[in-house]
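This report goes through selected sites and packing features of one protein chain. The sequence and structure are shown first.

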Amino acid sequence: MTDLNQNNSLVAGMLSFARSIQVTEGLFYATKNKNSNDLTPIEIVEKGVRGQTSHDGAGDKAGLSNPQTVEHAIIPQEHFGLSIRFSVRFMPFSLSPHSCDNQEVTRTYVRLAKAYRNADGFRELSRLYIWNLANARFAWRNRFQSDKQKVIIEEIDQGIKLAFNPLKLRLDESAKLDQLVAALIEDNEKGKEKLEELINRVAKGLSNDDNNACTIKVEFNAKMEPGQEVFPSQEYLRDSIKKQRENPKSIHYGKPLKVLASLSTPYKGTEIRHASMHSQKIGAAIRHIDTWHDDQTHPYPIAVNPFGGIQDTGSALRRGDNSFYKLRENGSELIAGLDKVVQPEEISPEAHFIMANLIRGGVFGKKKE
């Protein structure tokens with residue numbers, strides 16, 4: 001048991017954790033038929049559009065023609081589906097700091113992680129991560145472009161392969177094991193065993209002492225029509241936007257106002273711009289597991305981060321006593337609470353949140369006063 005009088009500090013001047021969930025870029029393909037392996041890379045192309053000036057502050061230019069070049073991606077002719085593919089690697093880097101200038105603090109984080117593992121906490125996080133893969137949150141806008149879709153998750157080493165109907169899973173409420181089983185497309189009885197095995201494999205990848213990772217492949221397959229637009233990530237062009245605002249007349253057809261993410265891919269003897277989803281965007285979707293923030297103004301899961309920040313609204317749900325930095329001040333209580341856990345359901349929301357941030361990784365040092 002933990003001695004509450006012991007100095008179980010989790011605060012150090014230099015402190016960082018390596019990212020435990022490594023995601024590849026997601027590549028966009030078009031499919032020709034029911035065989036989802038008959039793939040054609042979706043290409044990023046430009047088009048000129050004639051819009052209207054409609055932004056606030058347009059002045060005497062309001063409503064006038066506003067020609068511009070944009071990039072887009074569509075399902076090619078004679079193709080009838082979209083496939084987004086990537087892989088995820090789960091690693092045990094939350095068990096100990098990547099760097100720390102205080103050995104006692106390092107030992108405390110090691111004790112915290114072991115207590116969390118002994119309480120079976122990593123399995124709970126594993127279930128939540130798999131929920132966000134099975135529900136296709138990572139597809140973002142593309143998830144809402146089709147009424148017929150599935151997600152295939154395949155664990156590499158053990159050959160576990162499961163297919164889910166993401167439309168049977170909610171985005172605003174995390175799925176329990178039975179709800180995940182109900183979303184399986186076929187063979188639910190054996191599927192439950194495979195699903196439990198998959199959850200255990202991911203949990204072990206996050207928590208084993210041998211640095212053995214768990215790697216899974218993920219596919220999102222959706223029925224779509226030829227010519228239907230799909231939505232890769234969009235590049236953040238800060239300098240271009242600034243120049244446009246300073247001199248709107250500088251925009252011309254040779255410089256796209258909207259640039260989509262792509263990777264160079266050989267296809268039919270030439271290099272094409274292959275549409276892609278940023279690994280960071282997929283990772284943010286997987287991290288939408290913070291259901292513990294207890295903010296009634298936003299009663300939904302949010303991406304795990306120290307202050308509970310939501311980029312879309314510019315708000316932070318964890319600015320006060322429930323921020324990562326405030327909660328970690330109670331290192332002794334966190335570890336003692338985990339030591340008393342008999343059933344995983346007894347793990348405190350604070351312990352889940354702290355460990356989920358360590359899995360996320362980052363720099364958590366504190367500046368000297």
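## Serine 323 and its surroundings

Outside the four places on either side in sequence, serine 323 touches Pro306, Phe307, Arg318 and Phe353. The model is a predicted one. Serine 323 sits in the loop between β18 (315-316) and α7. With a relative accessible area of 4%, serine 323 is buried, because buried means under 20%. The side chain of serine 323 comes to 3.2 Å from the backbone nitrogen of lysine 326.

## Serine 276 in strand β14

Strand β14 covers residues 270-277 and contains serine 276. Is serine 276 buried or exposed? Its relative accessible area is 1%, and serine 276 is therefore buried. A polar atom of the serine 276 side chain lies 3.5 Å from the backbone nitrogen of serine 262.

Apart from residues up to four places away in sequence, serine 276 has Glu25, Gly26, Leu27 and Phe28 among the residues it touches.

## The largest nonpolar core

In soluble globular proteins, nonpolar side chains tend to be buried together. The largest nonpolar core here has 86 residues, and Tyr129 and Phe138 touch the most other members. Helix α2 (residues 121-134) contributes the most to this core, with eight residues.

Which residues does tyrosine 129 contact beyond its neighbours within four places in sequence? They are Ile21, Phe90, Leu206, Ile286, Ile289, Ala356 and Ile359.

## Helices α1 and α2

Helix α1 spans residues 103-118, and its axis is 5 Å from that of α2, at an angle of about 75°. The two helices α1 and α2 are therefore roughly perpendicular to each other. By class, the contact of α1 with α2 has four nonpolar residues, one polar and one charged. On the α1 side the residues are Ala113, Tyr116 and Arg117, and these meet Gly121, Phe122 and Leu125 in α2.

The loop between α1 and α2 holds aspartate 120. Aspartate 120 has a relative accessible area of 35% and is therefore partly exposed. Its phi is near 70°, a positive value in a residue other than glycine.

## Helix α8 and leucine 338

Helix α8 runs over residues 331-339, and its buried residues include Gly331, Ser332, Leu334, Ile335, Ala336 and Leu338. Among the elements that cover the buried residues of α8 are α1, α7 (324-327) and α9 (349-360).

Leucine 338 belongs to helix α8. The relative accessible area of leucine 338 is 5%, so this residue is buried. Leaving out neighbours within four places in sequence, leucine 338 is in contact with Leu112, Ala115, Tyr116, Ala119, Ile347 and Ala351. Between leucine 338 and valine 23 there are 30 Å in space, C-alpha to C-alpha, and the two are 315 residues apart in sequence.

## Arginine 89 in strand β7

Arginine 89 is part of strand β7 (residues 81-90). How far apart in space are arginine 89 and isoleucine 216, C-alpha to C-alpha? The distance is 6.5 Å, although the two residues are 127 residues apart in sequence.

Beyond its neighbours within four places in sequence, arginine 89 is in contact with Ser20, Ile21, Gln22, Ala213, Cys214 and Thr215. With threonine 215 there is a polar contact between side chains, at 2.9 Å. Arginine 89 has 39% relative accessibility and therefore counts as partly exposed.

Most residues other than glycine have a negative phi. Asparagine 211 has a positive phi of about 60° although it is not a glycine. It is located in the loop between α4 (188-207) and β11 (214-223). At 55% relative accessibility, asparagine 211 counts as exposed, because the cut-off for exposed is over 50%.

Threonine 297 is in the loop between β15 (288-290) and β16 (302-303). Its relative accessible area is 70%, so threonine 297 is exposed. The side chains of threonine 297 and aspartate 295 make a polar contact at 2.3 Å. Threonine 297 and phenylalanine 28 lie 35 Å apart in space, C-alpha to C-alpha, with a sequence separation of 269 residues.

Methods. Residues numbered from 1 in each chain as written. Predicted model: local features only at pLDDT ≥ 70, side-chain atom pairs only at ≥ 80, totals over all residues. Heavy atoms only, no water. Core = buried A, V, L, I, M, F, W, Y, C linked by side-chain atoms within 4.5 Å. Buried < 20%, exposed > 50% of the residue type's maximum accessible area, 1.4 Å probe, protein only. Helix = DSSP H or I, 4+ residues; strand = E, 2+ residues; numbered from the N terminus. Contact = heavy atoms within 4.5 Å. Polar contact = N/O pair within 3.5 Å; in protein donor to acceptor, adjacent residues only side chain to side chain. Axes fitted to C-alpha atoms, helices over the stretch in contact; angles between N-to-C directions. Parallel < 35°, antiparallel > 145°, perpendicular 65-115°, else oblique. Nonpolar A, V, L, I, M, F, W, Y, C, P; charged D, E, K, R; others polar.
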